[in-house]
Structure formats: structure tokens, C-alpha cells
Amino acid sequence: MRSDAGRFWATRERPFPRAVEDAGAHRTVDADDLVKLCQAIAEQESIAEQTRPSVWKAR
């Protein structure tokens, strides 16, 4: 979607687990263009993937 300010933004339908959010992953991201938006989404998913194995081991 595009905001009133002209920025693109995206929000995950399902929130990240709390530990992943605590590690710095954000459910909603924004950027100036679609390429940067895709990069921002990929960064958040990367944080989540790096965090999830340690979260699963703690269970």
C-alpha cells in the first residue's frame, strides 16, 4: 500500500513471536519505493529466521 505521504508500506498478517520482536523484527515496514520495501521485508524475515531456532530450543 501507499501512504498519504507517498511511502510504500507492508504489514505481516501474522505477528512475529514475542522473542523475535524483542530481537528487533518489526511486523510493519515502510520505504520510499517497492525495491526498498522488499529489502525491508527481507531484513525483518532474516532477523526472524536467525532468532527462531534459539526460541524453539528454549521450549
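## Surface and model basis

The accessible surface of the chain amounts to about 4500 Å², and carbon and sulfur atoms account for 53% of that area (Shrake-Rupley method, 1.4 Å probe). Of the 59 residues, 22% count as buried (under 20% relative accessible area; exposed is over 50%, partly exposed in between; 1.4 Å probe, protein chains only).

The model is predicted: local features need pLDDT of at least 70 and side-chain atom pairs count only at pLDDT 80 or more, whereas totals for chains, interfaces and linings use all residues. Residues are numbered from 1 along each chain as its sequence is written, and side-chain values use heavy atoms, with hydrogens and water left out.

## Secondary structure

The chain has two helices and two strands, in the order β-α-β-α from the N terminus (DSSP runs: helices H or I of at least four residues, strands E of at least two).

## Salt bridges

There are four salt bridges (a side-chain nitrogen of Lys or Arg within 4 Å of a carboxyl oxygen of Asp or Glu). One of them joins Asp30 and Arg7 at 2.8 Å, N to O; Asp30 belongs to strand S2 (residues 28-31) and Arg7 to the segment before strand S1 (8-11), 23 residues apart.

Asp32 also meets Arg7, at 2.3 Å, N to O. Asp32 lies in the loop between S2 and helix H2 (34-58), so this pair ties together parts 25 residues apart in sequence. Arg12 bridges to Glu45 with closest N and O atoms 2.8 Å apart. Shared partners join Arg7, Asp30 and Asp32 into one network.

## Ring interactions

The charged end of Arg12 sits over the ring of Phe16, 4.1 Å from its centre (CZ of Arg or NZ of Lys within 6 Å of the ring centre and within 35 degrees of the ring normal).
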